[in-house]
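This report goes through a few local features of one protein chain. Please keep the sequence and the structure open while reading.

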Amino acid sequence: MTGPRPLDEDASALGGFCRWLGVRRGLRFSDYGQLHRWSVTDLPGFWSAVQQYLGVPFRTAYQAVLEEDLMPGARWFPGVRTNYADGLLREGDPREPALITVREDGTAQPLAAGEFRRQVAAFARSLNSLGVAVGDRVAGCLPNSAESAVAFYAAASIGAVWASVGSDYAPEAAAARLGPLAPKVLIAADGHRHAGVDRDRGPALTALREAVGPAHTVVVPRLRATVPSDCLDWRELTAGEAALEPVALPFDHPLWVLFSSGTTGVPKGIVHGHGGVQLEMYKTLALHWDLGPGSRLLWATSPSWVVWNLLVSAPLVGATAVLYDGSPTHPDPTAVWRAVSAHRVTHFGTSPGLLAACERADVSPGRLCDLSALRQIIATGSPVPARAHAWVTARVGDHAPLVPVSGGTDVVGALVGGAPTVPVVPGEISAPCLGVAVEAWDPRGRPLVDEVGELVVTRPMPSMPLALWGDASGERHRQAYFATYPGAWRHGDWITRTERDSVVVHGRSDATLNRNGVRMGSADLYAAVEDLPEIGEALVIGTELPDGGYWMPLFVALREGAVLDDALRDRIRREIRHRASPRHLPDEIMAVPAVPHTRTGKKLEVPVKRILMGADPGTVAAPTAVDDPAALEFFVRLAKHRARRA
């Protein structure tokens, strides 16, 4: 750990921002803490400075930055017209790669900035010819590849609303997300390779198309799988010369719909706007991560996860997005590190789970690969244990700090993270992000310091959701984020805000599953498991482990006469893989006498999780609130057993 560096002397974009503020606004800050306090006190001053300094492409001038300072209901930059795809028109060498798709076998396909723009323009023209208009939806079921980025930017450029899931999603799970949007066009790959196995998606594509009902289906050929004969060929729709001419849209025009994990039912469709997301992406990528021309950001992710949206936004600030398509640990845990080396990656995004897997495998990426270009490792998805920092220093090198960040799909970015001038303390997240007024609150809404509380945001952010899809009254939106603390955003994490303004994240305070950084809902898993004739009911939880791992057990209450043997366990796993996704596969499957519920029938996922994390059962679930208090006894005994083993 080194001490904080003076802001106005730093060579990063953040340092340049502070020097610009001194010259243009007469503002001077001695350290990051002062800058952050200004950023959440003077919201109009801060966000207008971000727009001006980073050149966020607004087509029209604005008279006000924040017309209504409300949560929910904040109205940002009224009158501004813009388009997310405008950033692709920035000056720069058109021959430099905007994207590089890397497969798990090591093959790579660079896409130069000029060719990227041409393909986006050509596909936008094709979408128009298919009848896609402003406000129509375009959906993708795609891997982490250049085609997914081209499709997204093309949809954005014509004012269509984008939505996507990864190509590993089962048709039922994908349809639960994409179906309510009634997309006019569905774009899907006919297959993909993961962990060395070719996955034919032809039958899944047919089932998804029948469930979603798009007017047109576009197929990206990957495996030459059999698909319906009336599908359109991606290659034909991206051919030919075309100039990118994004349409001017209102600041709050819907850009995309991202999906919550679906913990308690149908996943929420979270709607974000063109202008607010642009501001958040430029701020995060440039000021916090110091990405710019010459930088390369690699992430092994999926279009189902919000970090994909961050990844494919890297070209907006002149950086290259390296899209890793496949398993990052196949054929061994050094696979993704070899890609980092081969493509001179400067910023590597990963999860604590991957780092823990590398540690367990006893690999030394810094000795096996040339990682001299690497400047930063960004870790998110679950809390980063202190030992991960020691492993990175010893096995990767001390030239690339491990910077934990935490945020979410809901705000399409980070709430707490790092900054170039702020030191990293193992086991902590360095600071709240600029423009984000983060506090830890107790149940009565009182701020806490050096105590565990709920993560809340007390001032509006431009990237907060415009709405939830299909929520005309706004009541679901209010209940999701503002019902617990009216006027403040409750995020759903347990955190400690230290007296040094760093943050420790303790995990989700709700029942969201969060394995290796990918948030998943229990509802998809239940739909698969509880259809089996032997299963009466199921309960799944996920807990963060002290070593940075993640434990996701599945508990099943069996019907009379059924036995949980290896054959039934295998059938359960097959159903989960087929109807949800391989990511939903549990670490263990255990039989329980009964699944506990509230008196109104809701499964006690959060109380069970807290009991297994060591909480006193009496503090997490009052017996009078449980339909069968004895049903909790199994989990109390299991928690004690695990504690003895630890």
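Leaving aside its neighbours within four places in sequence, which residues is His347 in contact with?

## Surroundings of His347

The model is predicted. In it, His347 belongs to strand E18, which covers residues 347-350. Leaving aside neighbours within four places in sequence, His347 is in contact with Trp289, Asp290, Leu291, Ser295, Arg296, Leu297, Leu298, Leu374, Arg375, Gln376 and Ile378.

The side chain of His347 also reaches the backbone oxygen of Trp289, at 2.7 Å. His347 counts as buried because its relative accessibility is 0%, and the cut-off for buried is under 20%.

## Packing of H16 and H17

Helix H16 (residues 522-529) packs with helix H17 (residues 566-579) at an angle of about 125 degrees, and their axes are 8 Å apart. The two helices are therefore oblique to each other, and their crossing is right-handed.

On the H16 side the contact is made by Leu525, Ala527, Ala528 and Val529, and on the H17 side by Ile572, Glu575, Ile576 and Arg579. By class, this contact has 6 nonpolar, no polar and 2 charged residues.

## Cis peptide bonds

The bond from Met71 to Pro72 is cis, with omega near -10 degrees. Pro72 sits in the loop between strands E1 (66-68) and E2 (75-76).

A cis bond also runs from His330 to Pro331, with omega near 5 degrees. Pro331 is in the loop between strand E17 (320-325) and helix H11 (335-342).

Ala182 is not a glycine, yet has a positive phi of about 45 degrees. Its loop lies between helix H6 (171-178) and strand E8 (185-189). At 46% relative accessibility, Ala182 counts as partly exposed.

Asp362, also not a glycine, has a positive phi of about 60 degrees. Asp362 is in the loop between helices H12 (352-360) and H13 (365-368), and counts as exposed at 51% relative accessibility.

Technical notes: Residues are numbered from 1 along each chain as its sequence is written. This is a predicted model: local features need pLDDT of at least 70, side-chain atom pairs count only at pLDDT 80 or more; totals for chains, interfaces and linings use all residues. Side-chain values use heavy atoms; hydrogens and water are left out. Helices (H or I, at least four residues) and strands (E, at least two) are DSSP runs, numbered from the N terminus. Buried means under 20% relative accessible area, exposed over 50%, partly exposed in between (1.4 Å probe, protein chains only). A polar contact is a pair of N or O atoms within 3.5 Å; within protein, one must be able to donate a hydrogen and the other to accept it, and residues adjacent in sequence count only if both atoms are side-chain atoms. Contact means heavy atoms within 4.5 Å. Axes are lines fitted to C-alpha atoms, for helices over the stretch in contact, and angles run from 0 to 180 degrees between N-to-C directions. Angles under 35 degrees count as roughly parallel, over 145 as roughly antiparallel, 65 to 115 as roughly perpendicular and the rest as oblique. A crossing is left-handed if the near helix is turned anticlockwise from the far one by less than a right angle, and right-handed if clockwise. Ala, Val, Leu, Ile, Met, Phe, Trp, Tyr, Cys and Pro count as nonpolar, Asp, Glu, Lys and Arg as charged, and the others, Gly among them, as polar.
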